[in-house]
Amino acid sequence: MTTEAHTESTEASAPTGVILTDVAAVKVKALIEQEGRDDLRLRIAVQPGGCSGLRYQLFFDERSLDGDVVNDFGGVEVVVDRMSAPYLAGATIDFADRIDAQGFTIDNPNAQNSCACGDSFH
């Protein structure tokens, strides 16, 4: 009797890109359709500023920049520029539609400190 040995790495592979939840992807797709354009993608960037040092920017963009990291989520392309990618690796973008909160949220495992508003991190 022979058995195959399966060797698995004990290191968890860290996510390399941004994760867009299904709920957020549906919302982004609906917003793009409202714009009446099929060339827009959701761009996520990190910019200096905010009360904790860095702040998030989410916006629709038709541009392609050198070094962009592009991920597709059910037909919705999410783009992160080369400089922002390390800050956003493994970050999850969701969409909340509750009575106490509405809008896109970012859960970023790379954020060491964040401000109360959730728009800025360090």
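Mentor: Let us start with strand β5 (residues 76–80), which is largely enclosed by the rest of the structure because four of its five residues are buried. Strands here (E, at least two residues) and helices (H or I, at least four) are DSSP runs numbered from the N terminus, and buried means under 20% relative accessible area, exposed over 50% and partly exposed in between, with a 1.4 Å probe and protein chains only. Please keep in mind that this is a predicted model, in which local features need pLDDT of at least 70 and side-chain atom pairs count only at pLDDT 80 or more, while totals for chains, interfaces and linings use all residues. Residues are numbered from 1 along each chain as its sequence is written, and side-chain values use heavy atoms, with hydrogens and water left out.

Trainee: In which sense do β4 and β5 pair, parallel or antiparallel?

Mentor: Two strands are said to pair if DSSP finds at least two bridges between them. β4 and β5 are antiparallel and are joined over five bridges, with Phe73 standing opposite Val76 of β5. The two strands form a hairpin with two residues between them, and Gly74 in the turn has a positive phi of about 55 degrees. β2 and β5, by contrast, run parallel and are joined by three bridges, and here Ile44 stands opposite Val80 in β5.

Trainee: Which residues touch the most other members in the largest nonpolar core?

Mentor: A nonpolar core is a set of buried Ala, Val, Leu, Ile, Met, Phe, Trp, Tyr and Cys residues joined through side-chain atoms within 4.5 Å. The largest one has 21 residues, and those touching the most other members are Val18, Leu20, Ile44, Val78, Val80 and Leu88. At least two residues of this core come from each of α1, β2, β3, β5, α2 (85–88) and β6, and α1 gives the most, with four residues. If contact is taken as heavy atoms within 4.5 Å, Val78 touches, beyond its neighbours within four places in sequence, Val18, Leu20, Leu42, Ile44, Val69, Val70, Asn71 and Phe73.

Trainee: How many salt bridges does the structure hold, and where should I look?

Mentor: A salt bridge is a side-chain nitrogen of Lys or Arg within 4 Å of a carboxyl oxygen of Asp or Glu, and the structure holds eight of them. Arg37 takes part in one with Asp39, where the closest N and O atoms are 3.0 Å apart, and in another with Glu62, where the corresponding separation is 3.6 Å. Arg37 is partly exposed at 36% relative accessibility, as is Asp39 at 35% and Glu62 at 44%.

Trainee: And Asp61 and Arg43, are they buried or exposed?

Mentor: Both Asp61 and Arg43 are buried, and their side chains meet in a salt bridge at 2.6 Å, N to O. This pair too links distant parts of the chain, Asp61 lying in strand β3 and Arg43 in strand β2, 18 residues apart. A network of salt bridges links Arg43, Asp61, Arg63 and Asp68.

Trainee: How is an aromatic pair described?

Mentor: A pair of aromatic rings is described by the distance of the centres and the angle of the planes. Rings of Phe, Tyr and Trp (its six-membered ring) pair if their centres lie within 6.5 Å, and planes under 30 degrees apart count as stacked, over 60 as edge-to-face and the rest as tilted. By this rule there is one aromatic pair. The ring centres of Phe95 and Phe104 lie 4.9 Å apart with their planes at 65 degrees, so the pair is edge-to-face. Phe95 is buried at 12% relative accessibility, whereas Phe104 is partly exposed at 31%.

Trainee: Where is Asn108 placed, and what does its side chain reach?

Mentor: Asn108 sits in the loop between β7 (102–107) and β8 (120–121), and counts as buried because its relative accessibility is 9%. Its side chain reaches the backbone nitrogen of Asn110 at 2.8 Å.

Terms used. Polar contact = N/O pair within 3.5 Å; in protein donor to acceptor, adjacent residues only side chain to side chain.
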